[in-house]
Amino acid sequence: MTQTQFLIMLIAIIPLLNALTIKICANSQKAIDVFSKLFPVLYFVNLIGIYGNLDRDNSYLTIVESIRGVSLSFDIDEISLKFLFGLNFIWLVFTFYSQRFFAIQQTKNVNGLNVFLVLIFAFINLIIISKNLLTILFFYNCLIILSHFFSLRFLHKSETKISNIFTFCSISNLFYFSLL
């Protein structure tokens, strides 16, 4: 495994680790604050490391390959790196400013909301670095399912009809892409 492949693996798992640490450290708000700010900064440092090594060695990572061409793999090129920097900027802004906003709004279940939003960032990250269409569709379907649970948990009761329409559209989209 080359240095670039290792950095790609870190970029793929850092947002997932952030969601996991928020869930594990649910009782300690101080630990959640530290880890929630640490992981986006580590992600940014890894993006800078990939930017320096992008042209030197292999910028792809294959996790599982069942048959030739059908694999779960990640690839980073120049345009995906620009999208990753943009996603990291949004993640940093969300991380540093959302805690104050939630405190002002006196939002209940802030940790649950943070876990969902970090998982949304994680799946968008995995969609951006996906190498083939199968991997993109897999993580896109995971994002749709996560969005469904997000809407069920955090939308108000008066918005259940909209949630039902969203659920129908999401499931029909899943079936359509599964047939491809």
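## Aromatic pairs

How many aromatic pairs does a search of the whole structure find? In this predicted model, the search returns eight aromatic pairs. One of them joins Phe 44 and Phe 85 in an edge-to-face arrangement, with 6.0 Å centre to centre and 75 degrees between the planes. Because Phe 44 belongs to helix α2 and Phe 85 to helix α3, this pair ties together parts that are 41 residues apart in sequence. Phe 44 is partly exposed, at a relative accessible area of 34%, and Phe 85 likewise counts as partly exposed, at 26% relative accessibility.

An edge-to-face pair is also formed by Phe 138 and Phe 139, with 5.1 Å centre to centre and 70 degrees between the planes. Phe 138 is partly exposed, with a relative accessible area of 48%, whereas Phe 139 is buried, with a relative accessible area of 7%.

## The nonpolar core

The largest nonpolar core has 34 residues, and those with the most contacts inside it are Tyr 43, Ile 50, Ile 76 and Trp 91. At least two residues of this core come from each of α1 (3–24), α2 (29–53), α3 (78–105), α4 (110–128) and α5 (133–154), and the largest share, eight residues, is supplied by α4.

## Surroundings of Trp 91

Leaving aside residues up to four places away in sequence, Trp 91 touches Ile 14, Pro 15, Asn 18, Phe 39, Pro 40, Tyr 43, Val 118 and Phe 121. Ring pairs, moreover, link Trp 91 with Tyr 43, Phe 94 and Phe 121 into a cluster.

Note on methods. Residues numbered from 1 in each chain as written. Predicted model: local features only at pLDDT ≥ 70, side-chain atom pairs only at ≥ 80, totals over all residues. Heavy atoms only, no water. Core = buried A, V, L, I, M, F, W, Y, C linked by side-chain atoms within 4.5 Å. Buried < 20%, exposed > 50% of the residue type's maximum accessible area, 1.4 Å probe, protein only. Helix = DSSP H or I, 4+ residues; strand = E, 2+ residues; numbered from the N terminus. Contact = heavy atoms within 4.5 Å. Phe/Tyr/Trp six-rings, centres within 6.5 Å; stacked < 30°, edge-to-face > 60°.
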